[in-house]
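Hi everyone, thanks for coming. Today I would like to walk you through one structure, taking it side chain by side chain. Please have a look at it first.

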Amino acid sequence: MRVIPGEEEDMDTIYITGHRNPDTDSIVSAMAYAALKNALGQRQYEAARLGQISDETQTVLDRFGFQPPKLLNNVRTQVRDLDYDTPPTLSAAATISRAWRTMQKDKISAIPVANEDGTLFGMLSAGDVANYDMSSVRNPKVGEIPVYNLLSVLEGKILNQPDMIRRALEIGVSCIIVCQAEVDPELLAMQTDTCIISTAYDAYRAVRLIYHAMPISSICKNKDLVCFHLDDYIDDVQNTVLESRFRAYPILDEEERVVGTLSRYHLLRPRRKQVILMDHNEKAQSVPGLDQAEILEIIDHHRLADIQTKNPITVRNEPVGSTTTIVAGMYQDK
């Protein structure tokens, strides 16, 4: 839903809107009915306008100290209206082991990977992890693993910066991992740049875990990503999804930060925006995208026209001079 730039939209807001090219009756009746609804304890109602107000209407608002209602361009369904998933977002430096545990715990098949500022780095799927795991059998060489990652997956500790055998220390290997064994204090006392890690795991398991110490940035997809923004319209999103075959798509906010993921099933039953029509009941006079919204009420003093609804709704239509007359009567009723 496009609104005045800089204003946030609450997805639970119910907009009360008059017709296009609004006159004073259309504007004032929407404002008055929203105030009545909110005064009755239902705080999610807000008046809206579909166009610029006239000089006459501005004079009336100035006379009583009111600002014009929010400008509403359409009520088409957007990504923000979906019950999209909000899985944990992992840092690009997180280990493959941690990513896999997160997927298993939360029962998800894909997870967003973010930069330090929260912007999108890539997407990691269970398939990416499986492919990496299988390829490591044929290509067992690994490198550029941060020491912190090794300590994490091995549940190990650094032994004062030396170990494995004197020879390994002498040739200056980068890291030695000691499995289920103690290290000679003499070796620990040697001056060396070698990092020594002690772990309670046996050698076979330690080797497998080392592969899972790689940062997920090394295996996640970060090229040609398909992502969506909260303000994207669902009919545009559906076309894009049909042309691609990803399990999940990252959702970004206005600051390009990751806020969730969208899957195909989220598109099946989107939540519709909710509106109340004031001073009109013709589709041609109403807000664009009305066929994608849910109409809750109609309050009008014109002839009945062509708007159809999916469910029974409250309709108050009276042969009086203005819709504000009807709203005034509703105030008196309460």
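Let me start with a question: does Lys 105 count as buried or exposed? Lys 105 counts as exposed, at 69% relative accessibility. On this scale buried means under 20% relative accessible area, exposed means over 50%, and partly exposed is in between, with a 1.4 Å probe and protein chains only.

A word on where this comes from. This is a predicted model, in which local features need pLDDT of at least 70 and side-chain atom pairs count only at pLDDT 80 or more, while totals for chains, interfaces and linings use all residues. Residues are numbered from 1 along each chain as its sequence is written, and side-chain values use heavy atoms, with hydrogens and water left out.

Now, salt bridges. Side chains of opposite charge can pair when their charged atoms come close. Here the term means a side-chain nitrogen of Lys or Arg within 4 Å of a carboxyl oxygen of Asp or Glu. By that rule there are 15 salt bridges.

One of them joins Lys 37 and Glu 297, at 2.8 Å from N to O. Lys 37 lies in helix H1 (residues 24-39) and Glu 297 in strand S14 (residues 294-300), so the pair ties together parts that are 260 residues apart in sequence. The helices (H or I, at least four residues) and strands (E, at least two) are DSSP runs, numbered from the N terminus. Lys 37 is buried at a relative accessible area of 13%, and Glu 297 is buried too, at 9%.

Next, find Arg 80 and Glu 254, whose closest N and O atoms are 3.0 Å apart in a salt bridge. Arg 80 sits in the loop between strand S3 (70-71) and strand S4 (90-91), and Glu 254 in the loop between strand S11 (249-252) and strand S12 (258-262), so this pair ties together parts 174 residues apart in sequence. Arg 80 is buried, with 10% relative accessible area, whereas Glu 254 is partly exposed, with 46%.

Our opening residue, Lys 105, has a partner as well: its side chain meets that of Asp 106 in a salt bridge, 3.5 Å from N to O. Asp 106 is partly exposed, at 30%.

There is also a network of salt bridges, linking Arg 76, Asp 235 and Asp 236. How many aromatic pairs does the structure hold? The structure holds two. Rings of Phe, Tyr and Trp (its six-membered ring) pair if their centres lie within 6.5 Å; planes under 30 degrees apart count as stacked, over 60 as edge-to-face and the rest as tilted. The rings of Phe 228 and Tyr 249 have centres 5.5 Å apart and planes at 50 degrees, so that pair is tilted. Phe 228 lies in strand S10 (residues 228-229) and Tyr 249 in strand S11, so the pair ties together parts 21 residues apart in sequence. Phe 228 is buried at 4%, and Tyr 249 is buried at 0%. With Phe 246, Tyr 249 makes an edge-to-face pair, the centres being 5.8 Å apart and the planes at 90 degrees. Phe 246 is partly exposed, at 30%.

A charge sits over a ring if NZ of Lys or CZ of Arg is within 6 Å of the ring centre and within 35 degrees of the ring normal. Arg 63 lies over the face of Phe 64 in this way, at 5.1 Å from the ring centre. Phe 64 is in helix H2 (residues 55-64) and is exposed, at 57%.

Let us move to helix H3 (residues 96-106), where Ile 96, Ser 97, Ala 99, Thr 102 and Met 103 are buried. What do the buried residues of H3 pack against? Their partners include S4, strand S5 (110-114), strand S6 (120-125) and helix H4 (126-138), where contact means heavy atoms within 4.5 Å. H3 is followed by Lys 107, with a positive phi near 55 degrees.

Last, two more backbone spots. Most residues other than glycine have a negative phi. Asn 21 is not a glycine, yet has a positive phi of about 50 degrees. Asn 21 lies in the loop between strand S1 (14-17) and H1, and is exposed at 70%. Asp 224, also not a glycine, has a positive phi of about 50 degrees. Asp 224 is found in the loop between H8 and S10, and is exposed at 73%.
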